[in-house]
Amino acid sequence: MTSRMFKFGVTAASACVGSVLASYTLDRWNTPHVVNNATVPPKRKRTLPPRGDQIKSLMSGEEFDVLIIGGGATGAGCALDSVTRGLKTALVELDDFASGTSSRSTKLIHGGVRYLQKAILGLDLEQYRMVKEALAERATMLESAPHLTHPLPIMLPVYTWWQVPYYWVGIKAYDLVAGDRNVKSSYYLSKKDALELFPMLKKDKLCGAIVYYDGQQDDARMCLAVALTAARHGATVCNHVEVKELLKKDDGTGKQVLCGAKVKDHISGKEFTVKAKCIVNAAGPFTDSIRKMDNPTVKSICCPSSGVHIVLPGYYSPDQMGLLDPSTSDGRVIFFLPWQRQTIAGTTDLPCEITHNPTPTEDEIQFILNEIKNYLNADVEVRRGDVLSAWSGIRPLVSDPNKDDTQSLARNHIVHVSPSNLITIAGGKWTTYRAMAEHTIDAAIKACNLKPERAEAVTAYLKIEGGQGWTPTMYIRLVQDFGLECEVAQHLAKSYGDRAFAVSKMASLTGKRWPIIGNRIHPEFPYIDAEIRYGVREYACTAVDMIARRLRLAFLNVQAAQEALPVIVDIMGEELGWSKDEKERQIKHATEFLANEMGHSVNRTSKERIPIKLSKEEIQTYIKRFQLIDKDKKGYVSINDIRRALKSFGDGDVSGEQLHEILREIDTNMNGQVELDEYLQMMSAIKTGDVAYSRFARMAELEEQKHEAANLKQKISVDRSGGGL
């Protein structure tokens, strides 16, 4: 035993020393971070042009220097880089800004601990440089958008004693590579201290923990803020505009080069041509579809991978401490992080088909739940019914078309220039979006002979929309000046930065003593009516744009998003002039989005799979409750039965939509009524923890209590009650 422990110690020590030496050696090959104070970015425009003006700019017939296809993080970054260099810039996006991969990330701003481990142990210079660049960009993101980003400590629990020094040195190497761009220094925690900071952690065999820092962001709003910043600087950015065809012309030497694109505005239905000297393909997972518009014979380079995340209630993790599982059963890292007062867990990594509507599967959700159970205490029951939302994002891994060996996947991003001058930017990660954009516009200027006012990028020194006047205590002014709830004010400050004052001015009066303004669209979340109106000015065109990306309600709680839909659609209808039919169409489309892409339907399907595990006594109790609600003895409960029951409890102001919501959560066969077996299924699911809560179940319980109280009152005579005194 002593000999074995000695070998473990020698191995760990050797790995530690080797890691430090390798990291130090590799680090010498990189230049330190230097801030060029002489670089002054241009001033932004004061007003944000409405979407109608942006469409008119596209249709004007004027030639743009750069036309960017794709409104994700990379495309928005390219638009900002291009316009701030003085190039006339346009961006078109088929759906909405960040509607694809960019809104479905793990929400981390990170360099990649796992990649650094591989770089050091394998002396892989390319992978090391990728981590180095990402760590520098991590710091830049935290500086450029302080309202949307923040440092987040992440705990790496260790359950084998010899791994403590191994992981400690590895994480210290992570700090070392970041250099003067490091967020905060990592540190070691004893078992006692680790459990104090993360009480839900599994105690058995815990040796200690390493805590390191990365950044966290609101990814969809970050992408939108970058696009809005580009628009304020003069870029023409348009969502819901599809590229139908790429146009070419002879450059005078017999070579066919790109000169524009035929596009369609899906909001107005109009089709028109946009002229451009250079076209950038930043379509993410759809990179190959744009490349094949340029050349139908080109080989595909995108190898899509599905990454599923789930959202659990906030009580599953501390407010300011994440968790990293470094060795899951399939070898992938799983994160367990606090986000927007909830807990986000993921991600999976499975090959998938490219689609505009990726959906999470029950198997992937169960995989994540099973993995996080391994790191949580036995008294913390992770229930399937606690999954509030689930989504799938397509990770666009690519092979490098610049190399002969197209079978191997590129670890970093690639920039490729086609013979017709289509500039393709693919691969990479959210954290390096700015650097990717810089490399892309550099290539575009060279390939298409563009003449920018500034030869070099200035985006490293630029504040993103909302970041210029933001301070950590700005929310206090919102409370004092406008009479907002503190929670609402904090949310507005973090989501909109210095634009929160403009949002607050649009808030309606509550009619209460406090808060004075700001009617919530859902009682469980700090989103208010003014955000819907302001979201339309941020180019939200559909209800899905609003619930998924202007607000993050769909990602946080799919049921709450469904409940808030009618209010959201009514306000958007006022702003956009929607008819009654259009409102109904928007609600239907948003409901389908929540069902398919945000995990609502897979949550419902999981309930249907649950076998009924109830005792005879429990079944008799639930049958009795069911019959009390079904007063007409029809054999099922209708929406009128639900309305009648709620009125008897004093809930006479329940809306028709709320009644339908209560019905839908239990009506698994979607026939508009509740059968007894559906009710028993629900109660069994609540008993086993597969479902967290049901309003219908609570209503049935209250109905039984009311019935028994009435019976008891009848049994007591006046004499026995003391003469009625």
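1. Let's start with a pair of helices: H12 (residues 474-482) packs against H13 at an angle of about 130°, and their axes are 8 Å apart. That angle makes H12 oblique to H13. As for handedness, H12 passes H13 in a right-handed crossing. Keep in mind as you look around that this is a predicted model.

2. Who touches whom here? On the H12 side you'll find Met474, Tyr475, Leu478 and Val479, and on the H13 side they meet Cys486, Ala489, Gln490, Leu492 and Ala493. Sort the residues of this H12 and H13 contact by class and you get eight nonpolar, one polar and no charged.

3. Now try a second pair, H3 (residues 73-84) and H8 (residues 219-232). Their axes are again listed as 8 Å apart, but the packing angle is about 25°. Angles under 35 degrees count as roughly parallel, and H3 and H8 are therefore roughly parallel to each other. H3 passes H8 in a left-handed crossing.

4. The H3 side of that contact is made by Ala73, Ala76, Gly77, Ala79, Leu80 and Val83, while H8 brings Cys223, Val226, Ala227, Thr229 and Ala230. By class, the contact of H3 with H8 has nine nonpolar residues, two polar ones and no charged ones.

5. Next, the holes inside. How many cavities of 30 Å³ or more are there? The count comes to four. The largest cavity holds about 80 Å³ of space.

6. Which residues line the largest cavity? They are Gly77, Leu80, Glu137, Thr140, Met141, Ser144, Val226, Tyr433, Arg434, Ala437, Thr459 and Ile464. The class breakdown for the largest cavity is six nonpolar, four polar and two charged residues.

7. The second largest cavity has about 60 Å³ of space. Around it sit His147, Leu148, Arg221, Ala225, Leu228, Glu465, Ser495, Tyr496, Arg499 and Glu538. Two or more of these lining residues come from each of H8 and H13 (486-496). Which element gives the most to this lining? That's H8, with three residues. By class, the lining of the second largest cavity splits into four nonpolar, two polar and four charged residues.

8. Have a look at the backbone too. A cis peptide bond joins Trp514 and Pro515, with omega about -5°. Pro515 is in the loop between H14 (500-504) and H15 (529-537).

9. Another cis peptide bond links Gly346 and Thr347, and here omega is about 20°. You can find Thr347 in the loop between strand S14 (342-346) and strand S15 (350-351).

10. Last stop: Lys107. It isn't a glycine, yet Lys107 has a positive phi of about 70°. Look for Lys107 in the loop between strand S2 (89-92) and strand S3 (108-109).

Technical notes
Residues numbered from 1 in each chain as written. Predicted model: local features only at pLDDT ≥ 70, side-chain atom pairs only at ≥ 80, totals over all residues. Heavy atoms only, no water. Axes fitted to C-alpha atoms, helices over the stretch in contact; angles between N-to-C directions. Helix = DSSP H or I, 4+ residues; strand = E, 2+ residues; numbered from the N terminus. Parallel < 35°, antiparallel > 145°, perpendicular 65-115°, else oblique. Left-handed = near helix turned anticlockwise from the far one by under 90°. Contact = heavy atoms within 4.5 Å. Nonpolar A, V, L, I, M, F, W, Y, C, P; charged D, E, K, R; others polar. 1 Å grid on protein atoms, 1.4 Å probe; cavity = no way out; pocket = protein on both sides within 12 Å on 5 of 7 lines; lining within 4 Å. Points joined across faces, edges and corners; volume = space filled by probe spheres on them.
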